[in-house]
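Biologist: Let us go through this chain together. Please show the sequence and the structure before we start.

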Amino acid sequence: MWKASLQSQGLYVFPGKDLVIAFYSTNVPDDSSHRFLRPVATSGMFDK
């Protein structure tokens, strides 16, 4: 699940891994951060 907010803030929730990634940017209105969240969450970096 992904939820965007104002000023390029957002949350990416991956329930299968009990993972939440929060992000923000000072480069407004840059909405590109969400494109990288799924690859990061599924990269294996957060595997137990």
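The questions and answers below go from the overall fold to single residues.

Modeller: This is a predicted model, in which local features need pLDDT of at least 70, side-chain atom pairs count only at pLDDT 80 or more, and totals for chains, interfaces and linings use all residues. Residues are numbered from 1 along each chain as its sequence is written, and side-chain values use heavy atoms, leaving out hydrogens and water.

Biologist: Which pattern does the chain follow along the sequence?

Modeller: Helices (H or I, at least four residues) and strands (E, at least two) are DSSP runs, numbered from the N terminus. The chain has 1 helix and 3 strands. Read in sequence order, the pattern is β-β-β-α.

Biologist: What percentage of the 48 residues is buried?

Modeller: Buried means under 20% relative accessible area, exposed over 50%, and partly exposed in between, with a 1.4 Å probe and protein chains only. For the 48 residues of this chain, the buried share is 23%.

Biologist: How many salt bridges are found, and which residues form one?

Modeller: A salt bridge needs a side-chain nitrogen of Lys or Arg within 4 Å of a carboxyl oxygen of Asp or Glu. The whole structure has 1 salt bridge. Its closest N and O atoms are 3.0 Å apart, and the partners are Asp-47 and Lys-17.

Biologist: How many residues apart are Asp-47 and Lys-17?

Modeller: Asp-47 lies in the segment after H1, and Lys-17 in the loop between strand S2 (10-14) and strand S3 (19-23). Asp-47 is partly exposed at 48% relative accessible area, and Lys-17 is partly exposed at 24%. The pair links distant parts of the chain, 30 residues apart.

Biologist: Over which ring does the charged end of Lys-17 sit?

Modeller: A charge sits over a ring if NZ of Lys or CZ of Arg is within 6 Å of the ring centre and within 35 degrees of the ring normal. For Lys-17, the distance to the centre is 5.5 Å, and the ring is that of Phe-14.

Biologist: Why does Met-45 count as exposed?

Modeller: Met-45 lies in the segment after helix H1 (34-41). Met-45 counts as exposed because its relative accessible area is 58%.

Biologist: Which residues does Val-13 contact, leaving aside neighbours within four places in sequence?

Modeller: Val-13 is in strand S2 and is partly exposed at 26% relative accessibility. Its C-alpha is 5.0 Å from that of Met-1, 12 residues away in sequence. With contact meaning heavy atoms within 4.5 Å, the partners of Val-13 are Met-1, Leu-19 and Val-20.
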